[in-house]
Amino acid sequence: MQEQEKKEPTLEENFSQLEQVIRNLENREISLEDSFKEYQKGMQLIKSCSETIDRVEKKMLKISENGEYSEF
Amino acid sequence: MNKAWSVGEVNRYISNMFGQDFLLRNIAVQGEVSNCKYHTSGHIYFSLKDETGAIACVMFAGQRKGLAFRMKDGDNVIVSGSVSVYERDGRYQLYARQITLVGAGLLYEKYLALKQELEEMGMFAPQYKQPIPRVVRRLGVVTAPTGAAVQDIRNIALRRNPYVQIILYPALVQGEGAKESIVKGIQTLDKAGVDVMIVGRGGGSIEDLWAFNEECVARAVFECETPVISAVGHETDTTIIDYVADLRAPTPSAAAELAVMDVASFDQQLMQYRNRLDRDMMNVLQNKRQQLAQLKLRVTASSPENQLLQKKQYLDELSNRLQYRMQEKYTASRNRLELFIEKLNGLSPLRRLSRGYAYVEDDKGSCLTSVSQVKAGDSVKIHVTDGYIRALVQEKETIERREEN
């Protein structure tokens, strides 16, 4: 679990990155080019946050001692 | 009997007597709780009574770790502590260090012993606690397949996030074989790979909850690589695994809430971020457009076309000025000319002639202005206003005249 967390950023990390992107975008000195980059980055972050949830409803399963799944 | 004692003296005397009594210093009293008051200071005041009488008791806030359940009137308890005198009121009372429910007493002793042992081993230490991940895709549950707990967990988890995969290990949670079953469940789910695991059951008596106080269960929770949320009984029940687990939930329902994030509010949060990004981007674009418009204005102002127009305008201006000056000069010259004409008119020979002067010329047509130009007998022509007269010079004489104008 911990190793996995190192590979992909956690939601909190993504959110704090999003906050940073928004701060950058709200800086009036930002160049048009950078603003497009930041916007794209922000949208990508939102997408990957959203993709952390696989949107398929699932049935509750039960697992046996041998690790076999069946519907509960 | 001769000497009268003060109240303080007699109270202190009694207090000392109590203090020297070995039995009163360390005593366990069984009875029924009444008038139980949890004071805001943390002290608990109550009485113990039986059919023969009552004794006032107090448990100070500092001793509260000796009470592991919510004591209420009517509970049959064993209170351990000391009996001593409250000198101010002249009363004696039982100062409680530990209170256990009768019946559960033996189990409770075991519970405390194990708790202390595991605590000393460091199994409750905060540095071993794993964080509960915010996004849980696979939720493991070790509890009984029947009963309210599993349904509560399912209902709440799926209401918050219908996409979460719940995997139940149907465990025996009380009676013979319960601890082995719970341990097996924790190990099986840990191996199967889940993001977080809820281990627990609904409420019950201390005997019913006992499996969750077993050392092997506590060890299984401790050794589990998956973060574990304990959820045993009701809010007031505390079991050993509550201390070992990475997070303690007061009830199975609460465990589901702690384990599974609310997708709707998550989506809403994402939507807010998206809107904010859109709005910020629009602002940037609008700013840039404004900047562009301003720059455009400045560029247009310095364009060749504009410069040409400006030069043209300057040229027109110069041309106008030139014309004006010319006109001025012309008018001035014309006025001067008219003046000359006027003046010349004044000097016209004809005008002089009409005033009696005459113009005289010789034969050759040269103007005679001096007597030296003629001699007697010469013919001269005298012009007057309306013609001329031919005459012969008879004589001449020189006269000295002062020149005028």
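How many residues does the contact take from chain A and from chain B? In this predicted model, 41 residues come from chain A and 41 residues from chain B. The size of an interface is often given as the accessible area lost when the parts come together. For chain A and chain B, the buried area is about 3900 Å², with 65% of it on carbon and sulfur atoms.

Polar interactions also cross the interface. Between chain A and chain B, 13 residue pairs are in polar contact, counting pairs with both residues at pLDDT 80 or more. The interface holds 3 salt bridges. A salt bridge links A:R55 to B:D267, and the closest N and O atoms of this pair are 2.9 Å apart. On the side of chain A that touches chain B, at least two residues each are supplied by helix 2 (11-26), helix 3 (32-51) and strand 1 (61-63) of chain A. By class, this side of chain A comprises 21 nonpolar, 13 charged and 7 polar residues.

The two chains are also joined by strand pairing. Strand 1 of chain A pairs with strand 7 (residues 165-170) of chain B in the parallel sense, over 2 bridges. In this pairing, A:K62 stands opposite B:L168 of strand 7 of chain B.

Within chain B, 5 strands close into a barrel with mixed pairing, in the order 1-2-3-5-4. From one strand to the next, the twist averages 55 degrees. Strands of a sheet pair through backbone hydrogen bonds, either parallel or antiparallel. In chain B, strand 1 (residues 27-38) and strand 2 (residues 44-50) run antiparallel and are joined by 5 bridges. B:E32 lies opposite B:K49 of strand 2 of chain B. The hairpin formed by strand 1 and strand 2 of chain B has 5 residues between the strands, and B:G42 in this hairpin takes a positive phi near 105 degrees.

Strand 2 of chain B continues the sheet by pairing with strand 3 (residues 53-59) of chain B, antiparallel and over 7 bridges. Here B:Y45 is placed opposite B:V58 of strand 3 of chain B. The hairpin joining strand 2 to strand 3 of chain B passes through 2 residues.

Strand 4 (residues 76-86) and strand 5 (residues 91-101) of chain B form an antiparallel pair over 10 bridges. Within this pair, B:S80 has B:Q98 of strand 5 of chain B as its bridge partner. Helix 1 (residues 7-20) of chain B lies across strand 4 and strand 5 of chain B, and runs at about 135 degrees to strand 4 of chain B.

Note on methods
Residues are numbered from 1 along each chain as its sequence is written. Chains are lettered from A and ligands numbered from 1 in the order in which they are written. This is a predicted model: local features need pLDDT of at least 70, side-chain atom pairs count only at pLDDT 80 or more; totals for chains, interfaces and linings use all residues. Side-chain values use heavy atoms; hydrogens and water are left out. Contact means heavy atoms within 4.5 Å. Buried area is the accessible area (1.4 Å probe) that two parts lose on being put together, summed over both. A salt bridge is a side-chain nitrogen of Lys or Arg within 4 Å of a carboxyl oxygen of Asp or Glu. A polar contact is a pair of N or O atoms within 3.5 Å; within protein, one must be able to donate a hydrogen and the other to accept it, and residues adjacent in sequence count only if both atoms are side-chain atoms. Helices (H or I, at least four residues) and strands (E, at least two) are DSSP runs, numbered from the N terminus. Ala, Val, Leu, Ile, Met, Phe, Trp, Tyr, Cys and Pro count as nonpolar, Asp, Glu, Lys and Arg as charged, and the others, Gly among them, as polar. Two strands pair if DSSP finds at least two bridges between them. Axes are lines fitted to C-alpha atoms, for helices over the stretch in contact, and angles run from 0 to 180 degrees between N-to-C directions.
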